Every structure is written in structure tokens, then in C-alpha cells.
Amino acid sequence: MVFTLSGLLLLPFLFWFDFSWLGSMKGVTVSLHLGILTIAVAYYLFVKGLKFVPSSQPLPLLWRSLGVFLVGERLSGVSWIGIGLLLFGIIVLTLNTNQRGIKKAER
């Protein structure tokens, strides 16, 4: 349902952008790579991995934090390590994006 709704919301962009690049062999190769390798395989592995994770585990960071600080939920050490790794990843991505923005602005 999510992918269908996303596709319908993106449908108007078909009329605004030039897609003539899809007519070349390079364009077909790029679109197949993006469609098969980066999306289909990634989601296949994601769904396979979800079979091994209990439904209570993959809660977003905000929900888990609210449970700890507002409700008084107790987390295991592994959960705290996971939260720390998520925060570290968010910080790394944020710093990397800011550095790219600064470098582009200097050019």
C-alpha cells in the first residue's frame, strides 16, 4: 500500500521531467541497477531479516526514548548500545551532510 501510494504521488513528475535518457542503453542499465540491485534486493533482504526480529524490537529511537524517560521502561545493555550506535550514525550523517554543503558553498 505504501509503495502504491508513493507511486501515485510521484506520477505527476513523469510530465515535468525529461526521461529521454531512458531510451539509451546506459539509461536502461542505470534504471535496472537502481530498480533491481538497490531497491528489490534491499527490500527482499529487509523482509527476510524481519522474520527473525520480534515485533517489539524495531521500534524507532523516539518511541524507545519516550518509553524510557516517560514510562520508566528499563532497557538492556544491548539496547543502550543500539541506541548509542543509532545516535552516532545520525551524527555522522549530519556532519557529513554539513561538510558537503560547506564545500559546495565555497566553490
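**Fold and confidence**

Modeller: From the N terminus on, the elements of the protein follow the order α-α-α-α. This is a predicted model, in which local features need pLDDT of at least 70, side-chain atom pairs count only at pLDDT 80 or more, and totals for chains, interfaces and linings use all residues. Residues are numbered from 1 along each chain as its sequence is written, and side-chain values use heavy atoms, with hydrogens and water left out.

Biologist: Among the elements of the protein, which has the highest mean pLDDT?

Modeller: The term pLDDT denotes the predictor's confidence in each residue, from 0 to 100. The protein as a whole has a mean of 80, with 82% of its residues at 70 or more. Helices (H or I, at least four residues) and strands (E, at least two) are DSSP runs, numbered from the N terminus. The lowest mean among the elements, 75, belongs to helix 4 (residues 77-106), and the highest, 86, to helix 2.

Biologist: How far does the backbone oxygen of Met25 lie from a polar atom of the side chain of Thr29?

Modeller: Thr29 belongs to helix 2. Its relative accessible area is 47%, hence partly exposed (buried is under 20%, exposed over 50%, partly exposed in between, with a 1.4 Å probe and protein chains only). The distance from the backbone oxygen of Met25 to a polar atom of the Thr29 side chain is 2.7 Å.

Biologist: Which residues do ring pairs link into a cluster?

Modeller: Rings of Phe, Tyr and Trp (its six-membered ring) pair if their centres lie within 6.5 Å; planes under 30 degrees apart count as stacked, over 60 as edge-to-face and the rest as tilted. The count is 2 aromatic pairs: Phe13 and Trp16 are edge-to-face, at 5.3 Å centre to centre and 85° between the planes, while Phe13 and Phe17 are stacked, at 5.8 Å and 20°. The cluster linked by ring pairs consists of Phe13, Trp16 and Phe17.

Methods
A polar contact is a pair of N or O atoms within 3.5 Å; within protein, one must be able to donate a hydrogen and the other to accept it, and residues adjacent in sequence count only if both atoms are side-chain atoms.
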